[in-house]
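Here is a short report for a first look at this structure. Please keep the sequence and the 3D view open as you read.

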Amino acid sequence: MPYEIHRSTRTSRIGVPLTILGTAVLGSLPWWADSSTLRLFVEFACMLAYAQMWNLLAGYAGLVSVGQQAYFGIGGYALFGLAETAHVPPFLCVPLSGLIAALIAVPTSRVVFRLHGGYFAIGTWVVAEVFRLAIANVSVVGGGSGTSLTVMGDIARSTREWTTYWLALALAAGSIALLYGLLRSRFGLALFAIRDNERAAASQGVDIGSTKLRIYLVTAFGCGVAGALYFLMNLRISPDAAFGVNWTAYAIFIVVIGGIGSIEGPIVGAVIFFALRETLADFGTGYLIVLGALAVVTMLRFPQGLWGWLADRFDLNVFPVRRRISKSD
Amino acid sequence: MLLSTRHLEAFYGDFQALFGIDFEIDPGEVVAIIGANGAGKSTFLKALSGLLKAPRDRIWFDGRAIGGMPACEIARLGISMVPEGRRLFPSLSVRENLSIGTHSGRRGPWTPERVLGLFPVLRELLSLPGNAISGGQQQMVAIGRALLANPRLLICDEISLGLAPVAVKGLYDTLPAMLAEGMTLIIVEQDVGLAQRVTQRLYCFQEGRVSLQGRSGELSRSAISRAYFGV
Amino acid sequence: MSLLGALDMLLQGVLTGGLYALFAIGLSLMFGVMRLVNIAHGDVIVLGAFLGIAVSAGAGVGLLPVFLLVVPAMFALGYVLQRGVLNATLGRGILPPLLVSFGVSIMIENILLELFSADARSLKAGGLETQSISLGAGLAVGLLPMLTFSAALLCTVALEYLFRRTPLGRAFRAASDDLEAVQLQGIDHRKVFALATAVAFAVVAVAGICLALRTTVTPSDGPGYLLYSFEAVIIGGLGSFWGTFIGALILGVAQAAGFHWDPGWGVLVGHLAFLSVLLVRPRGLFPRTRD
């Protein structure tokens, strides 16, 4: 055959090893960084993972959800429920909470998948609101004012901080690895096909319904884990904090400004988001106006986001998920 | 010369569909465009009607460069298209589908009464939704809609597609009435014999280029065949 | 609950539904013409409310001048927003309109927060808010809710008329069917879309002012009203203004029932009613579109 199929790219050959190295460096952080830096990273990791899940849903499966905060909140409350009530070791609760979120996503999908496009987006939001209002009415978990995670008091502070941090690192790396692995697989091929042309994909035998459902469940799991970890660090949860649409707002900004439909994009976007937040912190709501304006302008002028634009200009691709055909010599 | 194109090229993204089309038509002429599927006929019409962006100075209508103008402006200048597949509006009744043709506000001999005189069967169908009538009737409405804009140039894109021969004959029998009012016509047709019979001149498209042109009556079947298939 | 109590609850629910109908009609219009779901819709309602409050406080004028100033201003704003920003998002898939309107939503909410702070405000109309009409047998309805309900009814009738019997409405319907074919008729779809949004914003302005008269408003209330509007449209069925109107009434009644049972459950029961309709009749109760 005169043609060859490649997966790796020029940048991925340096990029992937560099990323692994970087992860190792980050892993050593607890030994030389202070508590607030660790907390900042945990927050960063949770938001990045949440954004990657939103990216997977919207950028690859074409499902724009404004309701993923439902699973973020469920993850948080599941953690509290398992740790406080069932006395499951708190760190084990984190992945378990993700599973609970995915379980709840099953019946939820039956309802929301009846809607499409923009109406699917708002429908998922309604579902998140239902969870928020329902939990606000349950006094056992503190109702509207929320509750605290007291069992963590039994654990030594540095153990608590360091383990939470490493879990966060695992989450961030895991979400990137999840997208990378998923998209390079046959399942990923199906996703690309659906993204490009749903009808054509269906005619090739791709089961659109089950593919979208599986993505929905996987992202629910991811958002649940992110939520559980966030509130593990926060030690306090309330319905408004857990199910606030602001989580999705931040995810949308991160993904849009960074670059939707690529793995590197949300990483870039998350860095920009946090940089903006730290520098504009004194301006209060002003920073959100800037963020909103940035999202609007980016979507209109640079729909591929900052990373997408860079990748096009300089032919970069750190986490390659597509196959390239080239002539062999 | 009413309409002319000079070295017209057209692209769908990176894909080039037209490679330098030279075309012209005089007032009152009836010209056919024939060619296989994918030859570029529809692309050419899209460029003429403004649905596809063309460079400004490649298309001239009545002395004006119209390339790149928005489709709605070109329609108001007096180019009306009967699009392939009829494309009536399902949310509108037959009556409304016809009357929407008057939107461009051009004055001329074509009124709703005259159009109904041309297609009397439509009188009974006026209150039905646009997609609740037969293909042949839809084609009548589509032509009527285009006529009501009182255009200088009428473009008919494959109006015989999917219709029974008797319906096609019925449609083409109305041609003289249009020509009597001084209409200029471009007809895109799959049926080559029909195209030759009803038109004065003919262009054959093949893979985005004009492969043959001439007076309809003078072109031999074998010449057309060669130009059509590109052998 | 006594029959009288049930009737009263029903009445209050229906009247609240009138306000929700005013909220929802604009959303229904924009989706009907452009297939555009405007996530900023609720924030635009709140914007209308704050504009009314600002004009009333700033210019010290009565209620009628507030309407006469705010409604045309919002009409113009809608036209400019559609023409300048939202038109550019159409025809490129579902992401751009959603994401851009989401960004606009965040901007409106936070700009209002900057200008008005998070304090709850309302519009005073010199006693109009407290007047009521007695219906006998101990039942009474507030004058303001009645007027709001009538305004909603009027807007629904007017929009149906606009859609079904005017050339502009004909252009609206044709544009929603086939964007290319409508351009071939000489119709400038960019203008048509801008007019659709302008009309939607004008109705939203009326809704916002009625809202501010009826209750207090804060800049963060937008998303909640978006959800009510959306639920009303879905319950009623896509493609029909009367459907949206009825859907809004049903939502109002559901919320009233929930609230009656337990004040913390009002909004929640509304959401649950919406989800139930979605499960049982996904196309809504009176759908009219062909999708």
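## A pair of facing residues

In this predicted model, B:Leu3 stands opposite B:Ile25. Strand β1 of chain B covers residues 3-12. Eight bridges join β1 to β2(B). The two strands run antiparallel.

## The sheet around them

These strands belong to an open sheet of four strands in chain B. Their order is β2-β1-β4-β5. The pairing is antiparallel. Which strands form the edges? They are β2 (15-25) and β5 (64-65) of chain B. Each of these edge strands pairs on one side only.

Helix α1 of chain B spans residues 41-49. Helix α1 lies across β1, β2 and β4 (59-61) of chain B. Its direction makes an angle of about 70 degrees with β2(B).

## Chain B as a whole

How many helices and strands does chain B have? There are nine helices and 10 strands. The radius of gyration of chain B is 17 Å, close to the 17 Å that the globule rule gives for 231 residues, so chain B is as compact as a globular protein of that length.

The C-alpha trace of chain B spans about 50 × 35 × 35 Å along its principal axes. Of the 231 residues in chain B, 47% are buried.

## Where chains B and C touch

The contact between the two chains draws on 19 residues from chain B and 15 residues from chain C. On the chain C side, α6 (167-177) and α7 (179-184) each supply at least two residues. Which element of chain C gives the most to this side? That is α6(C), with five residues.

## Confidence in the model

Chain C has an average pLDDT of 90. In that chain, 99% of the residues score at least 70. Where is confidence lowest in chain C, and where is it highest? The lowest mean, 78, falls in strand β1 (residues 132-136) of chain C. The highest, 95, belongs to helix α8 (residues 189-214) of chain C.

The predictor also scores the complex. It gives an ipTM of 0.91 and a pTM of 0.89.

How values were computed
Residues are numbered from 1 along each chain as its sequence is written. Chains are lettered from A and ligands numbered from 1 in the order in which they are written. This is a predicted model: local features need pLDDT of at least 70, side-chain atom pairs count only at pLDDT 80 or more; totals for chains, interfaces and linings use all residues. pLDDT is the predictor's confidence in each residue, from 0 to 100. Two strands pair if DSSP finds at least two bridges between them. Two residues are in contact if their C-beta atoms, placed from the backbone, lie within 7 Å. Axes are lines fitted to C-alpha atoms, for helices over the stretch in contact, and angles run from 0 to 180 degrees between N-to-C directions. The radius of gyration is taken over C-alpha atoms; the globule rule is 2.2 Å times the number of residues to the power 0.38. A residue is buried if 20 or more other C-beta atoms lie within 10 Å of its own, exposed if 12 or fewer, and partly exposed in between; C-beta atoms are placed from the backbone.
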